[in-house]
Amino acid sequence: MRPETRDLFEDRLDTTVGRVALAPGAVLLRGHALADAAQLVDGVEQIVARAPFRHLVTPGGFRMTVAMTNCGELGWVSDRSGYRYDRLDPESGQPWPAMPPTFRRFAARSAAAAGFEGFAPDACLINRYRPGAKLSLHRDADEPDGSQPIVSVSLGAPAIFLFGGAKRADKTLRVPLRHGDVVVWGGPSRRYFHGILPLKEGGSPVLGGERINLTFRKAA
Ligand code: MD3
Ligand code: FE
């Protein structure tokens, strides 16, 4: 890429509205959730009342700095025995809270805006970042159908998203994700390595300096 082209691309990554193609099948929709943000945050509060945020333990025995919960028929969990989707919240033994219809509609609308018609998620993983929390480079590979996209919504404090490639060692692009940003990950990028850098203190007063990320998935 010629240097001036790269600059143009990096400027585009920093815009406040509009659409940026990040990779084959990956589309960033800047500010696409702004009109729905209050409803999404309300929904998260209701879910968290029944399925509180918790710091899961990885199979390697590390406690994650990100706190997680889920809604929908399936929830993503991790413990010493491995990662999996489960119908029950292991903390309560009860099914995960239902996915609010507003969440479903929002996810389907976002996927359609990126060219994926008929997206019907059955799982929504909710991640909470407080200052210092991060998500190490990983791949989302626990969903059986890789042709189904993932829709992610960022709320609250901004974070730097690391977007790699098909191999762990591939160079990573740094993409700032802010309140109201939506990314649809489909096609080859669905299996790319990605992560979140440690959240900064005082990033934004929205949500008291916390960052919430919702990822809508088809996990069955
Ligand atoms: C790229 N969450 O929950 S969202 C995750 O901000 C996760 O909490 C991050 O990675 C967060 O698994 C990043 C963006 C994201 C989500 C899923 C992806 C990017 C992705 C799946 C494939 C490729
Ligand atoms: Fe991920």
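Trainee: How do the residues lining the largest pocket divide into nonpolar, polar and charged?

Mentor: There are 17 nonpolar, 11 polar and 10 charged. Nonpolar here is Ala, Val, Leu, Ile, Met, Phe, Trp, Tyr, Cys and Pro, charged is Asp, Glu, Lys and Arg, and the others, Gly among them, are polar. Keep in mind that this is a predicted model, where local features need pLDDT of at least 70, side-chain atom pairs count only at pLDDT 80 or more, and totals for chains, interfaces and linings use all residues. Side-chain values use heavy atoms, with hydrogens and water left out.

Trainee: Which residues lie nearest the centre of the largest pocket?

Mentor: Leu-135, Ser-136, His-138, Asp-140 and His-194, out of 38 lining residues. A pocket is an open set of points on a 1 Å grid over the protein atoms alone, where a 1.4 Å probe fits, with protein on both sides within 12 Å along at least five of seven lines; lining residues have an atom within 4 Å of a point.

Trainee: And which protein atoms are donors of the iron ion (ligand 2)?

Mentor: His-138 (NE2), Asp-140 (OD) and His-194 (NE2), at 2.0 to 2.2 Å from the iron. Donors are N, O and S atoms within 2.8 Å of the metal (3.2 Å for Na, K and Ca), and sites may look incomplete because water is not among the atoms. Along the chain, the donors follow the spacing H-x1-D-x53-H. His-138 sits in strand β7 (residues 135-138) and His-194 in strand β12 (residues 194-196), 56 residues apart, so the pair links distant parts of the chain. Strands are DSSP runs of E with at least two residues, helices are runs of H or I with at least four, and both are numbered from the N terminus.

Trainee: Is His-194 buried or exposed?

Mentor: Buried, because its relative accessibility is 15%. His-138, at 21%, counts as partly exposed. Buried means under 20% relative accessible area, exposed over 50%, and partly exposed in between (1.4 Å probe, protein chains only).

Trainee: New topic: where is Arg-63?

Mentor: In the loop between α2 (37-50) and β3 (67-72). Arg-63 is exposed because its relative accessible area is 60%. Leaving out residues up to four places away in sequence, Arg-63 touches His-55, Leu-56 and Val-57, with contact meaning heavy atoms within 4.5 Å.

Trainee: Last one: how many helices and strands does the protein chain have?

Mentor: Three helices and 13 strands. Of its 220 residues, 50% count as buried.

Methods. Residues are numbered from 1 along each chain as its sequence is written. Chains are lettered from A and ligands numbered from 1 in the order in which they are written.
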